[in-house]
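Subject: The structure for you to look at

Hi there,

Here is the structure I promised to pass on. Please open it alongside this message, and my notes follow below.

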Amino acid sequence: MAKSVKDTVIGIIAEQALVDPADIALTTTPADLGLDSLGLVEAVFAIEEAFELDTPFGVDAPRAQGFASLPILTMIHEVEALLAKKSR
């Protein structure tokens, strides 16, 4: 069975932050987990690769600077919206 968007995003963030996915709440932000700038970039690339899309969190994207303060739930919703748009 394929992982959900939620599980995949949380798994990627957890891997970069070196924490257990079970310890990440939907209100958690990458900054809460202590991700540094390299960890943030790696997380964005991994999310984009996992879903084969460009996110608004990429290094050159307008929202890249705010990525560290976005709750995980917001990231999940953004990825889901991009996937829905992509499937049209």
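Below is what I found, going from the overall fold to single residues.

Please keep in mind that this is a predicted model. The chain has 3 helices and 0 strands, and its elements run α-α-α from the N terminus on. Of the 88 residues in the chain, 39% are buried. If you look at contacts between residues at least 6 apart in sequence, 59% of them join residues at least 24 apart.

**How H1 packs against H2**

Helix H1 covers residues 5-17, and helix H2 covers 37-51. Their axes come within 9 Å and cross at roughly 150°. Angles over 145 degrees count as roughly antiparallel, and H1 and H2 are therefore roughly antiparallel to each other. The crossing is right-handed. On the H1 side, the residues that meet H2 are Val5, Thr8, Val9, Ile12, Ile13 and Gln16. Their partners in H2 are Gly39, Glu42, Ala43, Ala46, Ile47, Ala50 and Phe51. Sorted by class, this contact holds 9 nonpolar, 3 polar and 1 charged residues.

**How H1 packs against H3**

Helix H3 spans residues 72-86. It packs on H1 at an angle of about 130°, with the two axes 10 Å apart. H1 and H3 are therefore oblique to each other. Their crossing is right-handed. Here H1 contributes Val5, Lys6, Val9, Ile10 and Ile13, which meet Ile72, Met75, Ile76, Val79, Glu80 and Leu83 in H3. By class, the contact of H1 with H3 has 9 nonpolar, no polar and 2 charged residues.

**The nonpolar core**

In soluble globular proteins, nonpolar side chains tend to be buried together. In this model, the largest nonpolar core has 23 residues. Those with the most contacts inside it are Val9, Ile13, Ile47, Phe51, Phe67, Ile72 and Met75. H1, H2 and H3 are the elements that each give two or more residues to this core, and the largest share, 7 residues, comes from H1.

Which residues does Val9 touch once its neighbours within four places in sequence are left aside? Val9 is in contact with Ile47, Phe51, Ile72, Met75, Ile76 and Val79.

The C-alpha atoms of Ile13 and Thr29 are separated by 9.4 Å, and the two residues are 16 apart along the chain.

**A residue in the loop**

Finally, please look at Ala25, which is found in the loop between H1 and H2. Is Ala25 buried or partly exposed? Ala25 has a relative accessible area of 36%, which means that it is partly exposed.

Best wishes

Technical notes: Residues numbered from 1 in each chain as written. Predicted model: local features only at pLDDT ≥ 70, side-chain atom pairs only at ≥ 80, totals over all residues. Heavy atoms only, no water. Axes fitted to C-alpha atoms, helices over the stretch in contact; angles between N-to-C directions. Helix = DSSP H or I, 4+ residues; strand = E, 2+ residues; numbered from the N terminus. Parallel < 35°, antiparallel > 145°, perpendicular 65-115°, else oblique. Left-handed = near helix turned anticlockwise from the far one by under 90°. Contact = heavy atoms within 4.5 Å. Nonpolar A, V, L, I, M, F, W, Y, C, P; charged D, E, K, R; others polar. Core = buried A, V, L, I, M, F, W, Y, C linked by side-chain atoms within 4.5 Å. Buried < 20%, exposed > 50% of the residue type's maximum accessible area, 1.4 Å probe, protein only.
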